[in-house]
Amino acid sequence: MFLQPLWTFLLHHSPLLTSPLFPVIFSLSVYLSFCLPFLLLDLLSLRWAPVRRYKLQPQSSISWASVRSCLALTLYNHAVFIFPLTLLHWYTMPVNLPAEAPSLPRLLAQVFVCLLLFDFQSFTWHLLHHRVPWLYRNFHKVHHTYTSTSALTTEHSGAWETLSLGFFAASTPLLLGVHPLTELAFFLLNIYLSVEDHCGYDLPWATHRLVPFGLYGGARHHDLHHLKSKYNYAPYFTHWDRLFGTLYTEED
């Protein structure tokens with residue numbers, strides 16, 4: 001009952017939710033909205049030392065050229081690759097929206113399971129594309145253009161990487177058969193955590209500081225991956241890197 005008013009409100013906008021344009025509009029608008037605060041921090045850090053001290057690589061700074069390059073590649077991938085596929089999906093698999101919302105505990109539990117499954121899928125894909133030189137050279141190297149991470153580098157990747165990770169994110173809720181509202185919640189959280197991973201800041205409220213026992217890697221974990229590309233392949237949690245001996249921390 002807690003989520004029913006929200007779901008009823010969204011159902012009143014069902015033509016938008018079921019439109020082939022919605023996945024692209026949702027993905028881009030949410031992604032850029034999450035990037036914006038970190039871009040503002042980047043601007044402030046140029047002149048304000050209290051902000052710069054939270055940067056993971058204080059000597060680095062973003063340039064307008066890198067901002068333009070990242071934005072252009074993100075928009076290109078969405079327009080040329082993601083939109084045609086969402087159009088095909090809309091045509092072949094029409095969306096049916098249930099009348100009832102899921103319970104809050106069920107939504108939270110399923111979002112967590114989605115996150116765990118996506119983390120495993122991404123770890124496997126990432127490890128493979130670093131261990132096989134041909135895959136790295138032809139597909140993943142674009143994402144490593146920048147050794148210093150910033151929010152907009154999150155989606156600075158080629159078509160294959162964009163579509164692969166997009167497929168994992170889209171198929172995970174379908175495999176688990178979750179409610180559409182749960183699917184939206186997972187997409188929101190997944191996009192935020194991806195941006196936070198690449199933000200380039202170790203902020204006091206960062207997710208890895210909220211999750212105990214070093215179970216979550218976060219921005220510091222992923223920034224080290226861009227510096228030392230043989231380690232830290234999992235996007236979020238640290239257990240897969242621990243099991244495979246690829247976990248690296250600043251203490252190592």
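Visitor: Let's start with Arg 220. Is Arg 220 buried, exposed or partly exposed?
Guide: Welcome! Please keep in mind that this is a predicted model. Arg 220 has a relative accessible area of 27%. Buried means under 20% and exposed means over 50%, so a value of 27% makes Arg 220 partly exposed.

Visitor: Which residue forms a salt bridge with Arg 220, its closest N and O atoms being 2.2 Å apart?
Guide: A salt bridge needs a side-chain nitrogen of Lys or Arg within 4 Å of a carboxyl oxygen of Asp or Glu. At 2.2 Å the pair meets that cut-off, and the partner of Arg 220 is Asp 202.

Visitor: How many residues apart in sequence are the parts that this pair ties together?
Guide: Asp 202 lies in the loop between helix H9 (180-198) and helix H10 (207-210). Arg 220 lies in helix H11 (residues 218-227), so the pair ties together parts whose separation in sequence is 18 residues.

Visitor: Which residues are linked in a network of salt bridges?
Guide: Asp 202 also meets the side chain of Arg 209 in a salt bridge, at 3.0 Å from N to O. Asp 202 is buried, with a relative accessible area of 5%, whereas Arg 209 counts as partly exposed at 49%. Together with the bridge to Arg 220, this gives a network of Asp 202, Arg 209 and Arg 220.

Visitor: The structure holds 3 salt bridges. Which residue forms one with Lys 55?
Guide: Lys 55 sits in the loop between helix H4 (49-52) and H5, and its partner is in helix H3, 13 residues apart. Both members of the pair are buried. The closest N and O atoms are 3.9 Å apart, and the partner is Asp 42.

Visitor: Which helix gives the largest share of the lining of the largest cavity?
Guide: The lining is made of Leu 39, Ile 62, Ser 66, Val 67, Cys 70, Ser 150, Leu 152 and Thr 153. By type, these residues divide into 5 nonpolar, 3 polar and no charged. The largest share, 3 residues, comes from H5.

Visitor: How many charged residues are in the lining of the second largest cavity?
Guide: The second largest cavity, of about 30 Å³, is lined by Phe 38, Tyr 192, Glu 196, Cys 199, Tyr 201, Leu 203, Trp 205 and Ala 206. Of its lining residues, 7 are nonpolar and none are polar. The number of charged residues is 1.

Visitor: How far apart in space are Arg 106 and His 179?
Guide: Arg 106 lies in helix H6 (residues 104-131) and is exposed, with a relative accessible area of 52%. In sequence, Arg 106 and His 179 are 73 residues apart. In space, C-alpha to C-alpha, their separation is 9.5 Å.

Visitor: And how far apart in space are Trp 90 and Thr 182?
Guide: Trp 90 is found in helix H5 and is partly exposed, at 39% relative accessible area. Trp 90 and Thr 182 are 92 residues apart in sequence. From C-alpha to C-alpha, the distance in space is 19 Å.

Visitor: Is Phe 213 buried or exposed?
Guide: Phe 213 is found in the loop between H10 and H11. Its phi is positive, about 65°, although Phe 213 is not a glycine. The relative accessibility of Phe 213 is 74%, and over 50% counts as exposed.

Visitor: Finally, is Asn 232 buried or exposed?
Guide: Asn 232 lies in the loop between H11 and helix H12 (239-244). Asn 232, a residue other than glycine, also has a positive phi, near 60°. With a relative accessible area of 0%, Asn 232 is buried.

Key:
Residues are numbered from 1 along each chain as its sequence is written. This is a predicted model: local features need pLDDT of at least 70, side-chain atom pairs count only at pLDDT 80 or more; totals for chains, interfaces and linings use all residues. Side-chain values use heavy atoms; hydrogens and water are left out. Helices (H or I, at least four residues) and strands (E, at least two) are DSSP runs, numbered from the N terminus. Buried means under 20% relative accessible area, exposed over 50%, partly exposed in between (1.4 Å probe, protein chains only). On a 1 Å grid over the protein atoms alone, a cavity is a set of points where a 1.4 Å probe fits but cannot get out, and a pocket is an open set with protein on both sides within 12 Å along at least five of seven lines; lining residues have an atom within 4 Å of a point. Ala, Val, Leu, Ile, Met, Phe, Trp, Tyr, Cys and Pro count as nonpolar, Asp, Glu, Lys and Arg as charged, and the others, Gly among them, as polar. Grid points are joined across faces, edges and corners, and a volume is the space filled by probe spheres set on the points.
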